[in-house]
Each structure stands twice: as structure tokens, then as C-alpha cells.
Amino acid sequence: RYGEEPGTLDADWALSTQGHGIIRHGKATGGPAGEYAGTYFIQYYDEMGGPDGSFELEITQVESVYQLTWYENAQPVIKGVGMLCENALVVGWSHL
């Protein structure tokens with residue numbers, strides 16, 4: 001979803017690991033105001049609010065579908081696909 005400041009996104013993500021679900025948060029910055037499509041720097045945070053990974057995030061839009069790629073050291077490491085749902089971009093993703 002859009003962040004409070006223009007060009008930012010607030011990210012919530014979930015992961016199931018060893019039978020337990022975890023939810024974490026992140027903040028994407030540096031993107032265009034009022035659009036999801038663009039290039040961002042995204043910082044994720046652990047359960048204590050400390051840094052827990054950062055990536056370059058590229059979001060492209062093809063009609064009503066969004067394609068996402070997360071880069072680490074200029075190499076793609078995660079791919080995702082998403083769509084808008086009640087004013088939020090909902091994405092499925094997988095490590096490459």
C-alpha cells in the first residue's frame with residue numbers, strides 16, 4: 001500500500017516456515033508518487049524493528065497485473081506477481 005510520504009510504500013509480508021507463520025514489515029522509498037510501478041529501495045525489519053534485509057525493488061505494470069523483481073547486488077533474487085485489491089498491491093512471491 002502507499003506510504004504516508006509520496007514515493008513510498010508500506011510493505012507487510014508473510015512467510016510460513018516449519019509450520020509457523022511469520023509476518024514482517026518493510027518500507028520502500030524512492031519511487032514515483034501515486035504509482036506502484038517504479039524502482040524503489042526497500043528495507044525490511046525483524047520482529048524487534050531492526051533491519052532484516054534490503055533490496056532494490058522494481059515494479060512494472062502490464063494492464064492490471066504487476067510484476068515485481070527484488071535485486072541484491074544487482075542480481076535478481078526474488079520474483080513476484082500481483083494485483084490491486086482494495087487499494088493495496090497484493091503479491092505472491094518466490095525466491096529464485
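This is a predicted model: local features need pLDDT of at least 70, side-chain atom pairs count only at pLDDT 80 or more; totals for chains, interfaces and linings use all residues.
User: Happy to start with the strands: how many bridges join E3 to E4?

Analyst: Strand E3 covers residues 38-45 and strand E4 covers residues 51-62. The number of bridges joining E3 to E4 is 7.

User: Which residue in the turn of the E3 and E4 hairpin has a positive phi?

Analyst: Good one to look up in the model! This hairpin has 5 residues between its strands. In the turn, the phi is positive at about 90 degrees for Gly-49.

User: Moving on to E5, which residue there is the bridge partner of Leu-57?

Analyst: E4 pairs with strand E5, residues 65-72, in the antiparallel sense over 7 bridges. The hairpin of E4 and E5 has 2 residues between the strands, and Glu-63 takes a positive phi near 55 degrees. Within E5, the bridge partner of Leu-57 is Trp-70.

User: Which strand gives the largest share of the lining of the largest pocket?

Analyst: The largest pocket has a volume of about 580 Å³. Of its 25 lining residues, the closest to the centre are Ala-11, Asp-12, Trp-13, Tyr-44 and Trp-70. At least two lining residues come from each of E1 (9-17), E3, E4, E5 and E7 (88-95). The largest share, 7 residues, comes from E1.

Conventions. Residues are numbered from 1 along each chain as its sequence is written. Side-chain values use heavy atoms; hydrogens and water are left out. Two strands pair if DSSP finds at least two bridges between them. Helices (H or I, at least four residues) and strands (E, at least two) are DSSP runs, numbered from the N terminus. On a 1 Å grid over the protein atoms alone, a cavity is a set of points where a 1.4 Å probe fits but cannot get out, and a pocket is an open set with protein on both sides within 12 Å along at least five of seven lines; lining residues have an atom within 4 Å of a point. Grid points are joined across faces, edges and corners, and a volume is the space filled by probe spheres set on the points.
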